Every structure is written in structure tokens, then in C-alpha cells.
Protein chains: 2
Amino acid sequence: MAKERLIYLPLGGAGEIGMNMYVYGYGHPGKERLIVVDAGVSFPDMDNTPGVKLIMADFDWLIERDTQVEAIFLTHGHLDHVGAIPFLAEYFDVPMYARPFSIKVAEARLLEHGVIGDNLQTINDPSKYIEAGPFSVRFLPISHSIPESSALVIDTPEGRIIHTGDFKIDQLPIIGDPFDPDAVEEESEVEVIALVCDSTNVLEDRNGRSESSISENILELITRCKGLVVATTFASHIARVYQFAKIAEQCQRSVLLLGNAIERMVGYAVETNVIPDLPNVVSLAQAKNIPRHKLLVLATGSQGEPRAATAQLARGTLFKGIQLKKGDTVIYSSKTIPGNEKLVGKIKNKFAALGVDIIDEPSNDYHVSGHPPQGDLEEIHQVINPNLIIPMHGEYRHLSTHAEVAQTNGFKSVIAPNGTMVNILTGSIIAEESFNPERIYLDGHFLIGSQNRVVLNRLKMARNGCVKVSLLLKGNVFRKNGLKIQALGLTDMGMKDLRKSIHKDIAQLVKTFHRRINSDDTEIVGKIEKITLRLTRSIFDKNPLIMVEIFQLDE
Amino acid sequence: MAKERLIYLPLGGAGEIGMNMYVYGYGHPGKERLIVVDAGVSFPDMDNTPGVKLIMADFDWLIERDTQVEAIFLTHGHLDHVGAIPFLAEYFDVPMYARPFSIKVAEARLLEHGVIGDNLQTINDPSKYIEAGPFSVRFLPISHSIPESSALVIDTPEGRIIHTGDFKIDQLPIIGDPFDPDAVEEESEVEVIALVCDSTNVLEDRNGRSESSISENILELITRCKGLVVATTFASHIARVYQFAKIAEQCQRSVLLLGNAIERMVGYAVETNVIPDLPNVVSLAQAKNIPRHKLLVLATGSQGEPRAATAQLARGTLFKGIQLKKGDTVIYSSKTIPGNEKLVGKIKNKFAALGVDIIDEPSNDYHVSGHPPQGDLEEIHQVINPNLIIPMHGEYRHLSTHAEVAQTNGFKSVIAPNGTMVNILTGSIIAEESFNPERIYLDGHFLIGSQNRVVLNRLKMARNGCVKVSLLLKGNVFRKNGLKIQALGLTDMGMKDLRKSIHKDIAQLVKTFHRRINSDDTEIVGKIEKITLRLTRSIFDKNPLIMVEIFQLDE
């Protein structure tokens, strides 16, 4: 039997920003005991995944090895790290470890999808090691844009791995765990055989900034504001929310939370003692009696989500008792995630039409990233000084740039996009066991593979519509009114012409067909499809999907 | 009869970036003689307009007044200013004036859409005034990111209007007309009653930069490159293309043009004497024999267009004899237009996977905007010193910020989004003649209104698919195999269940229907639609479009 080996296999997150899922394994080849780090989702768009609810990594590889899986570890509560938990929970009866705030988020996800989560295990003491087969794992608190983020210290029979999760180097993060270089250095006194490290912000070449670096800007800005102030940010960014609330207190403004997500997240933060409480918060009813220059609204919807509080406020009508007008200010304390620019722009135009002042991101004065730019990555590389650096979480370009940075500084590094199995000790790719993973879509009630034609058909109908042709035949003869044609997504202007042409060509086809036509006759269905497609192309310049139905009266 | 008046009416471009179309009129109310400035398109996206080819302003208002239209003026050759010419040419038999380079672009558009363009009139001498009813118009050369851009000096019986078109203040634009403050000042010696002015870049607060300001950066960059260099930019940006070609010459690199659009645009520029010739250009055949470090490829596709040269090169396979590899460099000499981020990102990831160095925009070292930032707008306001400033071309936020800038500096200004009729002399909005215009889509061969349900249906199918239900009845009784159900865009996993449930509910419905069911019975069709929708929701959690067809054998 071949020697034991230590492997790393990203299933999601290494090739995109989102849907993180990483596997570590130790044991005889093919018989490794496995742990999974993170189980995230990413979100659909109209260009590629219209109608899809959630996208996640394809975990078939894990399902095929379900008896080898020891545990799942969740580094933090962002949905791109915990959102797929309900779907994994149905396949793997193993403990799922997370710190209290992340547990709250995971529990809510399970509830939402009607899945029982009795495998969730709360890590109250992050210094404690958890045994998971041949692995011994501890949570190492690290700063990020959500409370209780953690790197993982993964001790294996071959040595120590540090998996950073998402993080930033922030020694003054307002709330939550500051980045502790001593703690990280201490963990690195043992030889670290691999650092698996966040890559999302590697293209940024300026230095990382602390969450607290924007406090003064925000204070100065709000002090200047004469009317109502609305600040919109990520609901789970409790440090930012807390920061705004504290500043509001300084400015003698009460705080109103607007949006379910932000209320929920603040609730989790209080329940788990991440913050003692949010100062100065008032209810909707109270807010109505507060003059607008004495109020700060913290609203969800910084990414242009059409139903979120920010979008509602942009309508200019009364929303939960709040109505914006000239002289008010909206602060975008957030970055627009690529792909959301148009949605966000639409909302900003609406605010402009109301005469509301818009303070947005290009200046970067009111938002800092939660991820390490290049300089901070180099710092963490130096502090940990691993034998191997595996760039994790990012598009290909982030991974490759991160690897280049590492190599330039003399570290060994390997680019391992989703589906690439790495032998951690040698730092080499195990090509014959690597593969090109697809994704899984949650589409309505069903999970479907991304290669399934369901979504491809929808995309085609989005561009070209569809045409339905129904025939009623007796033998090879049309019945009276025996051809009906309907279309969706094509203009009526061409339909009369289309119906007439199809009728003529199909009547001709049916008449000359040299055998009895059955309802399920694939040959004639194929021919009718071809005729319909050709004529729709010629009349409309469209390539619709075609549905053909034949009723045959001969019996 | 009411007094004559001078009006301004934007139909497109004032509320979005793209599809510019502005109307000026003079005469008795309702009987004004009209001129049209620009006839542009904008481009579809999957979020709102899947399958649409082009979007343009709704020019119904003009069609209803076609005998009042005197002429169409085209400020420059960008498609958001001339792209709709073939569609206007079919309705208005009036002269269409443009300078030679823009004429080339307009002619190509007409040819492409099979429209005869015998009304195109070339303006060889921009100092010449053109009489158009009560208007006397001249082209005032101004710098922008395409050759031969012009502002329009529009003399009316009430005084002079200056319509800037798109422009920037650039005294060293590499090729084409530099911004000439003396010429602009000279035109402004007469009282200018209104300045109608480009707003697209008003949110940018840094000063405008000259096209020539990036020459040294590009030279230095290309000098450093060891392998093949690909630069991608807008095909019509002849100054940029020329600049790259000149720098290539300095670096002893030959130039290969890759992409139809860039070849065509360079051809127009040479034909119209905008440039004498592009130095150093080689053919595909010649390029094959040139070592890669001696070649600069100028490629289309900076916006991520999936079929353009840049996307083809990113595949890493041989494209027209060129194949990129590690050590080569791709320069994005362009801005990513909002909405294109994901497409552009995809291509950059592919380049990264090839090991190609990507030099892109965030640094702004290799691209300058063709539009005036706030400081330059203030300068042009001062130079022209008009009685009224009407912000033109931009989203609402651009228009309103531009108006604010003007007002802050003591100018009168009015925000006039699409459909807003302005009395130019009073600077007031004529509310009762203003309206909320829709857009027109070119969808395949047909022009359809944006309120038409065709595209809405396609969007719905993109998210939810469609279900087709066909019945064969004799009286109120199903025939054998008399119910057929097909779906598109729904997973097979639920279809068996759906077919069974629909069959059961419709059989029940048909049986208890209290009168004879005809093929075109809208009541039963409505009921079947409801049943189908309810069951698809419950089984799939989807809201598809439903098509119902009934064949009735009773006769």
C-alpha cells in the first residue's frame, strides 16, 4: 500500500470570489480521512444563472467519500463561507464547528431551509484543539469584516498547516479580535508546512487600513450633515455598524436600524456578546418623533438589492415612516461588488432625483476593505514563514498574482484552482486526481448541476423566446384547425406571417411523409422543429426554442 | 396665436449614458420648426433587455411632427450619437449633416441596415453656417476621444445656443482638433442664451488630462516589455491607436491591427485625412515572421466582448497566427464601462492563466477620459458665460450634479431629463408638454417599444421557464392521450410529478365544466393556466409562463 499523504483540494472559492469550500485529507491514497473548511454559496446573475437562487461548489467528490469525512470547520459567518451548510448537512452526519456568531448565522440558514442542525458545535474557547481523525484543529482569532473570524491552525501527522480564512491585518478593528502578530508568530514557532491564504485583495497595492482609520472621516462628515443621514453598509459588518452608532451618539443622533438583515445581525452580535449593545437605537415608532437632523438610519442594500431598505428609501415615498428629501444625505460605506454597478447606479440616480446628497465610495474615505492588500500579505508570509504558500479564495488572477508575490519573496507557492489536488509536503499538483469541478445551483426547490440544460434553455429563451407548434392529425392529414402555433417572447408583428409560413410548410411535409405519423414520431418532430426554426429566423431574425406536440386520431 | 418660442427637448441621453437625441425648436407653440442633434443607440444587457440588438430613444414625438423637422446634425461618430441614423432615415427625408469621419461611420450604419443614405451631407468646412429653417448652425471643432468631434453653434432668432456634444478640454490631443479656447471665446462674444453641455464625467473631481499626458507612461511601459505586447482600446479612439503606433515605432515594434472594427476605423481615419497613415503597420502574414518582442498588437475588445480579438487571444490558442504565452503583456488602455466588469474580469483571468502580464486601468496611467471632469466644466462655463446652462448627456445624477456645479458658480441651470421640454429663453420647464418617453428596441428584424411585453416575457422565462399544456377533447371528455405537457427551463426531476398533478386537476376541471368547451374558450384556458401555475409553484417553486392549447373534436 502506498505511503500516507497529506492533501489539499479546493472545491470552491479558488477560481472565484465566493462559494468557499476546501478539503484537507491525510491517509493512504484514496483512503484519506478528510476535513472540510467552509461551505459557502455565491449569488446568481442574469448573464449566466437567471432564476437560480444560490450557487455552490459541487461536493460530489465528498459525497463519494462520505464515510471518510471527519468534520466541517467554518471560519466565519459570511454566506460565501457558511451559506451551503443546509445542503451539506443533508449528506454528512459529522460535527460542524464554528464560533458563536457564525453558529447563529449557520443556524438561521438551516432553519430557512428546514434542515435540522444538531451537528453544529459551538467553539466558545478558540484556544481549544479539536480532534478530527488525524487532524487537530484550533480556531485562531483574526480580524475581518464580520465578528469572530478565525484562521485555522491545522496540525497533521506531517506538521502544521495554517488556513487563514478571510482576514485582514487590523490592530484596531473597533470591535472583535484585533490582529495579534504575537499570537500568529507563536503558532508559527512550530514549522508551518503550508500557509493557505486569502487572495481576494492581492491586486490592491496600497497598504491595508484599519477599520478605525475611517472613524474621523465619518464623524466629520456626519457633523457637517444638516438633514437626515442614511448610512448603508453590509449588514454583517458589525464593526462598521457599531462604529456608526457610536459616532451617531457623539453627534447626538439616534440610530434606527432599517432592514431585516441588519436587525438580525445586530441581534446575533448582542446575543453572542460581540458587542454589549448598540448604543442609542430607537424603534420605528420612536423614530417618527425624532427630528430628522437628530437621526441616523443604518440601512441594508448597499449592493443595490431592489427590495432592501436603501432601494425603498430611494423611491422617495414613505418607507416605514421615513421619507428622504432635499438636504438629507446617503452615505455608501461599502464597496460595490463587481457586477452590481448598474443596480447601485440606478438607486443613486433616484436619490439624486430627490435632491439627496450622495456620499459614495470612489474616495474610499468611508470604507475600508476586510481583506489584505499585497503589502499585508507579504507581512503575513514573513511572520508565518511557511514551507509552502497556497493562495486561496480569489479568481484565477488573484491566485496567480498571490503566488507570484510569494515566489518573488523566495517562498515556494503553487496555484491550485478548484479541483486541483495538491500534495502539501511536496507542494506538487497530483494531476491524475485533479478534475474540473462544476457547480451546483439551487433552482427553486431542486439542486441541479451547472451543466444541466435547464438554465441554458432559460438563457436561450431570454434572448430568443420560444415557439410552440401543436398538430392534430388523422393519419397523414390535418384535421380542421389542426395546427396551432403560439410564441412567447416574439413580437406579434411577425406572428401572422410566421403562422402562415409554418402552416404551408408543415402541411406540405405531412402530406409527403411516407409513413403513418405517430404522436411520438421523433423524425417528424425533428423536421417540424427545423421548419419552425428556419422560418422564425427568416421572419424575426431569432433562434427560439421550439416545442412540438402531435395528437394522432388514428387508433 | 401665441408668441413664437424657442424650445429644447431631449429624447435620449439625458437620463442615461448613451442613445443621445436632442431636439431644438423655434416657432409658434406646436408649430415649431425643429432640428435634431444626434441619433444614437445604447446597448442591451441581460438584466433588462436580453436578446435585444440595439436600444434607442423613442422618436415618436418627432414622427408625429415629421413635416416640422428641418435637419439632423451629428456631432461625432460614436454609436451613441449616430447609431440610430438608419432608423431615423426611414422616417425623415431631411439633410443629415456631419463631418467626414462621422459620415463614414454613418454610411456604414446605413449600409449595415440596408437603408439608402442620400440625405447625408458632408461638412468639409466646419466654419460654414448651415441654414435649417429658423436655425443657422455651424460645427465648432472640439477635442474628444474620436476624430472630428464638434460642438454646435446654433444661432436662433432669439440668440445663440452652444451645444457641446461630447468633448474634453485637450490642447494636445495627439491627432484631431485641439481644444481652442480662443475659438470658443470668439463664438461666445455674442451673448450665449444657453449652453447645453456634456455631463458624463462631472462626478470626477480631479482635473482633466490631455491625451498626450499618457504618452510617456506608455513608452516607458512598452520599453520594459520583453515579449509580445497587446494593447486593447476603443476602436474609434484613433488618437490612442495612433499614439500606440507611434510609440511602437520608437520601440522598433511593428504594429498589427486585430479586429474588424479597428481596421475599419483606421481606414476611415486615413480616407478622411484625419491621420496621414498609421506608421509601421504589418499584415497578418507579415506578422508571422516578426519576433514577438518586435510586435505590438492593437486589439478590439477592451470591454470584454466575447467574440472580439482580445477575448480570442485570451483563449491561448492560435488566433490569426498570434498565440499569447508567459512573458507577453496585455495593456488595457481603456476604462471598463459599468456593467462590463464581469465580462472583462473573465478575460483577464484567462490571461492570468496563460501567465500573461496584465496592465489594467485602476492606475489610470494608460488611459484618460474623453469627457470633462468638474474642473473643466467650470472652465467652459466661465469661457462661454451663458445665460442658462442645460446639463446634457448623463444619468440623472450627472445632470443634477452638473446643474449644482453651475448654480454654485452663479449660473442659471435647469435639470431636463428625457422628455422634458424647456423654454430656453426663460429657462423654465414646460410641464404640460413634457412627457415620460419610452425607448425603442431593435429586436431581431423588428422595432418594438420598451413597454411591450415581448421582452418582459423573455425575462420571466429566463427566471422561471415556461410550461405548455395541450388538450384534445371531445365535448367535455378527454380523448385517449388527450393531455400533453411540456416544459422548458424546468428540471426533469419534477416533471413526472407535475404531469401527474396537472392531469388529475384538469381532468377534474373538464369533467365538471358546465358547458361545451371550445378551442378558444378563454374561461377554461384561464382556469388551466391557474392550475398549472399553482402546481408548478408548489412542485418547483417557479412561476413559469404558461401556454394552453385546446383541440376540440366536436363539430
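Student: What should I know about the numbering and the cut-offs before I start?
Tutor: Residues are numbered from 1 along each chain as its sequence is written, and chains are lettered from A and ligands numbered from 1 in the order in which they are written. As this is a predicted model, local features need pLDDT of at least 70 and side-chain atom pairs count only at pLDDT 80 or more, while totals for chains, interfaces and linings use all residues; side-chain values use heavy atoms, with hydrogens and water left out.

Student: How many helices and strands are there in chain A?
Tutor: Chain A has 16 helices and 26 strands. They are DSSP runs numbered from the N terminus: helices are H or I with at least four residues, strands are E with at least two.

Student: And what does the C-alpha trace span?
Tutor: About 85 × 75 × 45 Å along the principal axes of chain A.

Student: What share of chain A is buried?
Tutor: Buried residues are 60% of the 555 in chain A. Buried means under 20% relative accessible area, exposed over 50%, and partly exposed in between, with a 1.4 Å probe and protein chains only.

Student: What about contacts in chain A that join residues at least 24 apart?
Tutor: They make up 71% of the contacts between residues at least 6 apart in sequence. A contact means heavy atoms within 4.5 Å.

Student: Switching to charge. How far apart are the mean positions of the positive and negative charges in chain A?
Tutor: 15 Å, for 58 positive and 69 negative charges. Lys and Arg count as positive, Asp and Glu as negative, and His and the chain ends are not counted. Each charge is placed at NZ of Lys, CZ of Arg, CG of Asp or CD of Glu.

Student: Which residues gather in a patch of negative charge?
Tutor: A:Asp180, A:Asp182, A:Glu185, A:Glu186 and A:Glu189, on the surface. Patch residues have over 30% relative accessible area and no salt bridge; like charges are joined within 9 Å, and nonpolar side chains (Val, Leu, Ile, Met, Phe, Trp, Tyr) within 5 Å. One of the five, A:Glu186, lies in helix H5 (residues 181–187) of chain A.

Student: Why does A:Glu186 count as exposed?
Tutor: Because its relative accessibility is 54%.

Student: How many salt bridges over all chains?
Tutor: The count is 56, where a salt bridge is a side-chain nitrogen of Lys or Arg within 4 Å of a carboxyl oxygen of Asp or Glu.

Student: What does A:Glu187 pair with?
Tutor: A:Glu187 forms a salt bridge with A:Arg138, with 2.2 Å between the closest N and O atoms. A:Glu187 is in helix H5 and A:Arg138 in strand E10 (residues 135–141) of chain A, so the pair ties together parts 49 residues apart in sequence. Both A:Glu187 and A:Arg138 are buried.

Student: Over to chain B. Which residues does B:Glu549 touch?
Tutor: Not counting residues up to four places away in sequence, B:Glu549 touches A:Lys468, A:Ser470, A:Lys484, A:Ile485, A:Gln486, B:Val469, B:Ser470 and B:Leu471. B:Glu549 is in strand E27 (residues 545–552) of chain B and is buried, with a relative accessible area of 10%.

Student: Where is B:Lys320, and what is its phi?
Tutor: B:Lys320 is in the loop between helix H10 (309–314) and strand E17 (329–332) of chain B. Its phi is positive, about 50°, although B:Lys320 is not a glycine. At 40% relative accessibility, B:Lys320 counts as partly exposed.

Key. Accessible areas come from the Shrake-Rupley method with a 1.4 Å probe; for residues, only the protein chains shown count as cover.
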